[in-house]
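Student: Could you walk me through this model, starting with the open spaces in it? I'd like to know how the terms are meant as we go.

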Amino acid sequence: MNVWTIGNDRFQVSVNALGGELCSLRDKQTGGEWLWQPQADVWNHSATQLFPVVGGLVQGGIRVNGHFLALAPHGFLRHQTFSCLSKGNNHVLLEAMATTETMKQWPWRWRIRYEVTLEREGICVSQQIFNDDDRPFWYSIGWHPGFALPIASQPGWHVEFADNPVRGPFLTRNRTLITEEQFQTTGTFPLEPSSFREGAVYFGNCQQRQIFIRNPEGNVVMSLETGTQDWLALWGVPGADLLCIEPLAGTTDCPGFKGDITHKRGIRQLKPNENEAFRVKLRFAVDA
C-alpha cells in the first residue's frame, strides 16, 4: 500500500493510501512524533476519516426513503483506497470515490478529495465532498486525528475554546448522545482521568472556532482551527497518553433515534454536481 511523504523545514508528514489516513506528523526540530502511533490494545489508528456517517448507529444503519441501509459506525471511507492526484514538496492531494462495493452499502456516486498542506507552524487538512450522482444524498463527514500528548501521565491538561463559549460538554453513553433540552455552555474542558470513561465528549456550535490545548503550566502546546464543522468531539482511552480532537459535520446517534436519515442530528444534504469543503488548521508550539 502506498504511503506519500511531504516535508518542509520543520515537519515531515506521511499519508497512507488506505483510508487517506495521516500516519505520521514528525517535528524535525525536536525529533518527536505528534500523531498517535497505532497500538492494538489502545487505539489502532492515527487519523481516520469518517463518511458517510459519524459515530455509532443505534439501528445498525440508516433508513432512506423507506429503504434500510446497513452501515458500520463511522461509515466506510476509512477502508477505501485513495489515489494521488498531485504531490509537491509541501502538499499532497488524494482522492477516493464510490466503488461497486460502496454502492451496495450506500447507493450514490460520491467523490472525496483530501488535501494536506504543510505550513510553517503546522498543517492544513481539507476534505472536499462531491456529489457525482443524479440524485441528492444525505451525509455526515468528519476527521478523527489522535495526538500523542501526555494527558494521562501529566495531570492538569485542558482544552480551551477561544472567544465565546460553545455548547456542551455532552457526554456519550454506549456510543449514543443526548443534546436535546441541554443548554449548558463552556469555555474550557479539563482532561481528567475520568473524562472519557464513558466515551467521547461532544461540543456544539464549533464552526469557525479556534481551540487551544494547554499543558499543566497553562502553555498552548497545539491549536486547532475549524471550518464549517459545527460539532467537535474529544476522545481518549483512560490511562493512555492519547487525545483525539475530532471536527465533525454530524454526531453519533441519540438513544431513541429511529433511523430516518432526514431526522439524523447534524446530517447534511448535497445536490447533484455540488460539492462542500471542510477544512482544519493545526498549529504546534515550537518549544512544546
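Tutor: Let us begin with the term itself: on a 1 Å grid over the protein atoms alone, a pocket is an open set of points with protein on both sides within 12 Å along at least five of seven lines, whereas a cavity is a set of points where a 1.4 Å probe fits but cannot get out, and lining residues have an atom within 4 Å of a point. The model is a predicted one, in which local features need pLDDT of at least 70 and side-chain atom pairs count only at pLDDT 80 or more, while totals for chains, interfaces and linings use all residues. Residues are numbered from 1 along each chain as its sequence is written, and side-chain values use heavy atoms, with hydrogens and water left out.

Student: OK, which residues lie nearest the centre of the largest pocket?

Tutor: Those are H74, H144, R175, A200 and W235, out of 18 residues that line the largest pocket. The space in this pocket comes to about 320 Å³, where a volume is the space filled by probe spheres set on the grid points, joined across faces, edges and corners.

Student: And how does that lining divide into nonpolar, polar and charged?

Tutor: The lining of the largest pocket has four nonpolar, 10 polar and four charged residues. Here Ala, Val, Leu, Ile, Met, Phe, Trp, Tyr, Cys and Pro count as nonpolar, Asp, Glu, Lys and Arg as charged, and the others, Gly among them, as polar.

Student: What about the second largest pocket, who's nearest its centre?

Tutor: I151, A152, L191, E192 and P193 lie nearest the centre there, among 15 lining residues, and the pocket holds about 200 Å³ of space. Its lining divides into 10 nonpolar residues, four polar and one charged.

Student: Back to H74, is it buried or exposed?

Tutor: H74 counts as buried because its relative accessibility is 10%; buried means under 20% relative accessible area, exposed over 50%, and partly exposed in between, with a 1.4 Å probe and protein chains only. H74 is found in the loop between β6 (67–70) and β7, where strands (E, at least two residues) and helices (H or I, at least four) are DSSP runs numbered from the N terminus. H74 also has a positive phi of about 70 degrees, although it is not a glycine.

Student: Which other residue has a positive phi although it is not a glycine?

Tutor: E181 does, at about 65 degrees, and its place is in the loop between β15 (176–177) and β16 (185–186). E181 counts as exposed, because its relative accessibility is 67%. As background, most residues other than glycine have a negative phi, and most peptide bonds are trans.

Student: Where are the cis peptide bonds, then?

Tutor: One runs from F51 to P52, with omega near 5 degrees, and P52 is found in the loop between β4 (47–50) and β5 (61–64). Another runs from G168 to P169, also with omega near 5 degrees, and P169 has its place in strand β14 (residues 166–173).

Student: New topic: what's the strand order in the sheet of nine strands?

Tutor: That open sheet has the order β7-β8-β9-β10-β24-β20-β19-β13-β17, with antiparallel pairing; two strands pair if DSSP finds at least two bridges between them. β7 and β17 (188–190) stand at the edges with a single partner strand each, so one side of each is left without a neighbour in the sheet.

Student: How much of β20 is buried?

Tutor: Five of the seven residues of β20 (residues 220–226) are buried, so this strand is largely enclosed by the rest of the structure. Five bridges join β20 to the antiparallel strand β24 (residues 275–284), with M222 opposite F284 and L224 bridged to L282. Strand β19 (residues 210–214) is likewise joined to β20 by five bridges in the antiparallel sense, and V220 is the bridge partner of R214. β19 and β20 form a hairpin with five residues between them, and G218 in the turn has a positive phi of about 90 degrees.

Student: Last one: what does N89 contact, leaving aside its neighbours within four places in sequence?

Tutor: N89 is in contact with I6 and G7, contact meaning heavy atoms within 4.5 Å. N89 is found in the loop between β7 (83–87) and β8 (91–97), and its C-alpha atom is separated by 7.1 Å from that of N8, 81 residues apart along the chain.
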